[in-house]
Amino acid sequence: MPSDPVQALAQEPVDHRFKGLPPDAGQAGLTVGELTAQRRSLYTGGFTTPVLTLDAEALSHNLAALGTYAERHGLAFAPHGKTCMAPQLFRRQLEHGAWGITAAVPHQARVYRAFGIQRIFLANELVDAAALRWVAAELAADPDFRFVCYVDSVRGVRLMDRALQGQPQRVDVVVELGAGEGARTGARTDEDCRAVADAVAGTDTLRLVGIAGYEAEVPGADPDSVHAYLRRLTALAVEFDKAGRFEGTGEIVVSAGGSAWFDAVADVFAELPELSRPVLKLLRSGAYVSHDHGWYTRLTPFNRVPEEGGLRPAFRLWAQVVSRPSPTQAFVNAGKRDIAYDLGLPEAELVRDPLTGAERPATGVRVLKLSDQHAWLETDSAEDVQVGDWVALGMSHPCTIFEKWPLIPVVEADGTVAEYVRTFF
């Protein structure tokens with residue numbers, strides 16, 4: 001492994017794997033680092049459409065905003081890495097005070113370790129025997145590595161225990177409290193949680209270190225129901241502590257928090273009484289890093305507490321008008337292969353004239369539907385867009401935006417590409 005695997009990403013060749021990058025850079029055999037050093041213009045530097053970009057200023061703003069929010073509210077922060085799967089952004093999150101990075105599946109944890117992440121919170125019950133043996137080997141090889149994962153069933157605990165027999169070190173686990181009937185994962189009742197905790201106590205391979213959950217899965221989530229669920233979670237932590245269930249751990253982990261209700265998490269976690277050990281109040285929001293132009297713009301807690309800060313959409317997908325068959329219809333060369341669409345269609349934000357460089361709001365331009373490689377546009381008049389125009393699209397759901405692009409230019413206000421973010425999905 002290179003001494004700094006994040007810096008080593010700059011040595012990758014600019015080639016056919018990376019959409020939208022200048023073909024001449026690949027023909028010249030440039031590395032990502034060499035292309036970065038050229039500081040090319042997105043608009044005149046040979047980039048091809050479609051091309052996804054990240055706004056450098058918005059990215060920096062968002063990284064600082066949630067780091068500051070977590071610090072202000074006494075929260076540790078393990079942003080969910082599944083959102084971006086970008087080691088360069090993980091490093092920046094850690095530099096802004098993150099405790100570690102959250103994962104959902106073993107592959108993500110393996111990527112994290114390949115790039116030196118020392119604390120991983122896996123927000124799922126891990127019952128894959130091969131993955132558990134890999135975790136055990138990582139823990140044995142690196143005494144500074146911290147790994148925590150969910151347990152939510154007695155059977156799951158038994159499978160984990162079986163896979164970990166003979167390993168030299170216990171694996172830390174937190175009981176996941178489900179958000180209610182019809183919600184996603186997690187033990188549904190307090191009694192179920194107690195049974196899972198009892199099962200953990202009966203092993204010599206696992207160590208119970210806390211309680212966790214995901215409040216956005218509360219059916220019909222609203223401020224009252226989310227607060228009520230989170231108070232159930234913290235009450236279980238208090239109960240388990242009084243019952244001595246956390247013996248053997250130096251701190252108690254209490255974790256929740258996506259990108260829609262982190263204000264509720266801050267409220268309820270602030271109410272936690274003093275426990276027998278220090279409490280790691282762990283927030284896991286991930287979508288904040290890029291934010292978006294739709295779904296999270298509507299859902300962000302900063303809408304409820306604007307005095308606490310705010311986030312800025314960082315993504316912009318530039319596509320080009322390749323057909324204008326009628327005054328009210330146009331097609332751009334980006335579709336389902338390039339655009340996130342699971343939480344709504346993209347919105348046209350800007351139109352750029354490729355000849356003059358003039359930009360204007362995309363007034364009168366709407367996305368009606370997507371094909372594999374085309375977005376169908378409806379326009380109010382023949383003058384709204386022309387063949388060859390670049391159209392900037394704003395999209396919803398950072399997780400499914402990042403995953404479609406393995407190398408993403410980071411663009412400064414004047415169009416200079418200052419960096420390229422590598423993703424690993």
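In this predicted model, the sulfur of Cys193 has its closest cysteine sulfur in Cys149, at 15 Å, which is too far for a bond. A disulfide needs two cysteine sulfur atoms within 2.5 Å. The structure therefore holds zero disulfides. Cys149 has 0% relative accessibility and so counts as buried. Cys193 also has 0% relative accessibility, and it too counts as buried.

Pockets were examined next. The largest pocket holds about 410 Å³ of space. Its lining is made up of 23 residues. Nearest the centre of this pocket lie His80, Lys82, Arg184, Tyr214 and Arg284. By class, the lining of the largest pocket has 10 polar residues, eight nonpolar residues and five charged residues.

The second largest pocket has a volume of about 290 Å³. Here 17 residues form the lining. Tyr43, Thr53, Asp55, Ala314 and Arg316 lie nearest the centre of this second pocket. Two strands contribute to its lining: strand S1 (51–55) and strand S10 (315–326) each supply at least two residues. The lining of the second largest pocket divides into nine nonpolar, five charged and three polar residues.

Key
Residues are numbered from 1 along each chain as its sequence is written. This is a predicted model: local features need pLDDT of at least 70, side-chain atom pairs count only at pLDDT 80 or more; totals for chains, interfaces and linings use all residues. Side-chain values use heavy atoms; hydrogens and water are left out. Buried means under 20% relative accessible area, exposed over 50%, partly exposed in between (1.4 Å probe, protein chains only). On a 1 Å grid over the protein atoms alone, a cavity is a set of points where a 1.4 Å probe fits but cannot get out, and a pocket is an open set with protein on both sides within 12 Å along at least five of seven lines; lining residues have an atom within 4 Å of a point. Grid points are joined across faces, edges and corners, and a volume is the space filled by probe spheres set on the points. Ala, Val, Leu, Ile, Met, Phe, Trp, Tyr, Cys and Pro count as nonpolar, Asp, Glu, Lys and Arg as charged, and the others, Gly among them, as polar. Helices (H or I, at least four residues) and strands (E, at least two) are DSSP runs, numbered from the N terminus.
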